[in-house]
Structures are given as structure tokens and as C-alpha cells.
Amino acid sequence: QVRLVESGGGFVQAGGSLRLSCVAFGFRFRFNAMGWYRQGPGMQREPVASITRRGSTNYADAVKGRFTISRDKAENTLSLEMDNLKTDDAALYYCTAQGFASWGQGTQVTISP
């Protein structure tokens, strides 16, 4: 059974940093492309960043240069380093595994001006 468990969200001031983590269970993590999505208040869920099994990355324009996605295959963990956070980055953040419909519970990021 595929399970994705996100953590690391919290409350931070604009300009600050957070590091999100997602631990994956139930599939061969090392062979899967992975990604992060977010959903802000009253907004649709949108892609933030993705990483292939070989480590190639892609970012939404809104976060390029500020966010870094990475993966630790030994720990089945996906990470998202978020720097220079802006109030528009406030959202519930989810990780995803390509080919699976499962979503975790998400981790909330709250940013004060």
C-alpha cells in the first residue's frame, strides 16, 4: 500500500526558510519520479517541483531560485528546501509519486509578512 508522509511545515516570517520532508512507503522509491504540490486557501492544487529517478529537477516559475527539491534513495525520503519564503508560498504542501494516485495528509506552511 502506497503511503506518503509529509512533515516539516510550520510558521515562518517572510524571507525565512523551511525544509519539508516526505517519507515514502509501499513502492520502489528509487525508481519513481517524485514531486511536490501545494494548495493555498481558495486555490487549486498546483505543482511546485519535481525530480526524476535520475535526479533531474523541474520547478514552477514562482519558486525557481528559491526552492530546491532533492531525494535520498537510501532513506526513501523526498525533501523540499524552501528559502526566501514569500506570503504567496503559504499553502498545504503535498508530495506525490508518479504513477500513483495516493496523496498524503500534507504539511501546512504559514508565512507572516
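So, R30 first: you'll find R30 in the loop that runs between strand 3 and strand 4, with strand 4 covering 34-39. This is a predicted model, by the way. How exposed is R30? R30 has a relative accessible area of 45%, so R30 goes down as partly exposed.

Side chains of opposite charge can pair when their charged atoms come close. How many salt bridges does the structure hold? The count is five.

Take R19 and E81, whose side chains form a salt bridge at 3.2 Å, N to O. That pair connects distant parts of the chain, since R19 sits in strand 3 and E81 in strand 8, residues 77-82, and the two are 62 residues apart. R19 has 45% relative accessibility, so R19 is partly exposed. E81 comes out at 22%, which puts E81 in the partly exposed class too; the buried class means under 20%.

Next one: E46 and R38, again a side-chain salt bridge, at 2.8 Å from N to O. Which of these is buried and which partly exposed? R38 is at 6% relative accessibility, so R38 counts as buried. E46, on the other hand, is at 33%, and therefore partly exposed.

Then there's K64 with D61, where the closest N and O atoms of the salt bridge are 3.1 Å apart. K64 has a relative accessible area of 48%, so K64 is still partly exposed, while D61 at 65% counts as exposed.

Last topic, the cysteines. There's one disulfide in the structure. The bond runs from C22 to C95, with 1.9 Å from S to S. What does the pair tie together? C22 is in strand 3, residues 18-25, and C95 is in strand 9, residues 91-97, so the link holds parts that are 73 residues apart in sequence. And are those cysteines buried or exposed? Both C22 and C95 are buried.

That's what I had, so over to you.

Definitions and conventions. Residues are numbered from 1 along each chain as its sequence is written. This is a predicted model: local features need pLDDT of at least 70, side-chain atom pairs count only at pLDDT 80 or more; totals for chains, interfaces and linings use all residues. Side-chain values use heavy atoms; hydrogens and water are left out. A disulfide is a pair of cysteine sulfur atoms within 2.5 Å. Helices (H or I, at least four residues) and strands (E, at least two) are DSSP runs, numbered from the N terminus. Buried means under 20% relative accessible area, exposed over 50%, partly exposed in between (1.4 Å probe, protein chains only). A salt bridge is a side-chain nitrogen of Lys or Arg within 4 Å of a carboxyl oxygen of Asp or Glu.
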